[in-house]
Amino acid sequence: MTRYLISFAPWIAYACIATSDEWRSGAQWGLAIALIVLFKGNRSGKKWDEMVIELSAAVFFAGITWLSYKQPDSSLIPYGPALVDVWLAATAFGSLLIAKPFTLGIARTMVPKEVWKSPVFHRTNTVITLVWGLSFGAAAVLLWLLIDWDPKATAIAIAIKVVTFVIPVMFTIRYPAVVRARQGHAQPTR
């Protein structure tokens, strides 16, 4: 699991660097880190379906970097933290829309091949991806409202980010065990 938390390194870098004055730097660092993580992941043998979040980061940060040069005074600048979560929610829901939950590739690395085609395995990852999408969506809305209300409320913004990240992480860790218990056997579902 820790290995996959690296997937969020570009997003974390952006959050740390991108202030209203440094959004271009944050975008450039996010893009650079996303490309490095993708390159290293590919070299280490990770399959592309295991790196959906990393691919999403590369596209997002390429777009934000482009925007930072095209419209350096964009009215979207203050909403950067919310836009990150809008994009991540779109990534999660988009993967559900095409019936390939972004968690599937990661989950396949943790269970035997014979489980991969199981409807329970797919449904479990659909639910996990849905929770991630809902959490990203909630963060986007809360951050957007917070930025409109008090753009300098950094502590509250950090709290929103932490809570809306920890909840789906904990759910991802615990939910497969719940599914196995409901199934009445110990066959892996994640």
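Biologist: Why does Phe60 count as buried?
Modeller: Buried means under 20% relative accessible area, exposed means over 50%, and partly exposed lies in between, with a 1.4 Å probe and protein chains only; Phe60 has 6% relative accessibility, so it counts as buried. This is a predicted model, in which local features need a pLDDT of at least 70 and side-chain atom pairs count only at pLDDT 80 or more, while totals for chains, interfaces and linings use all residues. Residues are numbered from 1 along each chain as its sequence is written, and side-chain values use heavy atoms, with hydrogens and water left out.

Biologist: How do you know how confident the predictor is in this chain?
Modeller: The score is pLDDT, the predictor's confidence in each residue, from 0 to 100. The chain averages 90, and 93% of the residues score at least 70. Among the elements of the chain, helix H7 (residues 119-149) has the highest mean, 97, whereas helix H1 (residues 2-5) has the lowest, 65; helices here are DSSP runs of H or I with at least four residues, strands are runs of E with at least two, and both are numbered from the N terminus.

Biologist: Why is the pair of Phe60 and Trp87 called tilted?
Modeller: The ring centres of Phe60 and Trp87 are 5.7 Å apart and their planes stand at 50 degrees, so the pair is tilted. This pair also links distant parts of the chain, with Phe60 in helix H4 (residues 52-70) and Trp87 in helix H5 (residues 80-97), 27 residues apart. Trp87 has a relative accessible area of 32% and is therefore partly exposed.

Biologist: What makes Arg24 sit over the face of Tyr69?
Modeller: A charge sits over a ring if NZ of Lys or CZ of Arg is within 6 Å of the ring centre and within 35 degrees of the ring normal. Arg24 lies over the face of Tyr69 at 4.0 Å from the ring centre, and Arg108 lies over the face of Trp116 at 5.8 Å.

Biologist: How do you know that H5 and H7 are roughly antiparallel?
Modeller: Axes are lines fitted to C-alpha atoms, for helices over the stretch in contact, with angles from 0 to 180 degrees between N-to-C directions. The axes of H5 and H7 come within 8 Å and cross at roughly 155 degrees. Angles under 35 degrees count as roughly parallel, over 145 as roughly antiparallel, 65 to 115 as roughly perpendicular and the rest as oblique, and H5 and H7 are therefore roughly antiparallel.

How values were computed: Rings of Phe, Tyr and Trp (its six-membered ring) pair if their centres lie within 6.5 Å; planes under 30 degrees apart count as stacked, over 60 as edge-to-face and the rest as tilted.
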